[in-house]
Amino acid sequence: MRFHTRKWVKPEDLNPNSTLFGGRLLAWIDEELALYTVVQLDNNRVVTKHMTEINFRSSAKQGDIVEIGIDVVRFGNSSLTLMCQVRNMMTREIIITIDSITMVGLDDDGKPKAHGKTQITYLNERIKD
């Protein structure tokens, strides 16, 4: 699992139980997945199509730092299927796992667009000297 983003849990991220609000965490995850997919598919028009079961395993509290990890499961014709794990850097516990998330690249009319990609590209492969 490659961990791409860290978030600092602030007061506005908490639920009435004074722990990280699940909706806030899901928004962070969805944004990170979209950014990752935009870069991988070289298409800034992507949407979240599907997420499998979301498993909340632990939480985080104010001041904790969480990391969002993403791995590619497979490339489809117009989609990218990913898995995600979020961990608490302070407690070393896994906060959430999502086994499969499907992101779809769209054309200018909002229809699925074939991307022709078959494998992950890394930063050093995208930057030309």
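Biologist: How many residues lie between strand 5 and strand 6 in their hairpin?
Modeller: Five, and R92 in that turn has a positive phi of about 70°. Strands here are DSSP E runs of at least two residues, numbered from the N terminus. The model is predicted: local features need pLDDT of at least 70, side-chain atom pairs count only at pLDDT 80 or more, and totals for chains, interfaces and linings use all residues. Residues are numbered from 1 along each chain as its sequence is written, and side-chain values use heavy atoms, without hydrogens or water.

Biologist: How many bridges join strand 5 to strand 6?
Modeller: Eight, and the two strands run antiparallel. C84 has I98 as its bridge partner in strand 6. Pairing needs at least two DSSP bridges between two strands.

Biologist: And strand 4 with strand 5, how many bridges there?
Modeller: Nine, also antiparallel. That hairpin has three residues between its strands. F75 is bridged to L80 in strand 5.

Biologist: How many residues of strand 5 are buried?
Modeller: Eight of its 10 residues, 79-88. Buried means under 20% relative accessible area (1.4 Å probe, protein chains only).

Biologist: New topic. Where does S58 sit?
Modeller: In the loop between strand 3 (54-56) and strand 4 (65-75).

Biologist: Why does S58 count as buried?
Modeller: Because its relative accessibility is 19%.

Biologist: What does S58 contact, beyond neighbours within four places in sequence?
Modeller: E93, I94 and I95. Contact means heavy atoms within 4.5 Å. A polar atom of the S58 side chain lies 2.7 Å from the backbone oxygen of I94.

Technical notes. Helices (H or I, at least four residues) and strands (E, at least two) are DSSP runs, numbered from the N terminus. Buried means under 20% relative accessible area, exposed over 50%, partly exposed in between (1.4 Å probe, protein chains only). A polar contact is a pair of N or O atoms within 3.5 Å; within protein, one must be able to donate a hydrogen and the other to accept it, and residues adjacent in sequence count only if both atoms are side-chain atoms.
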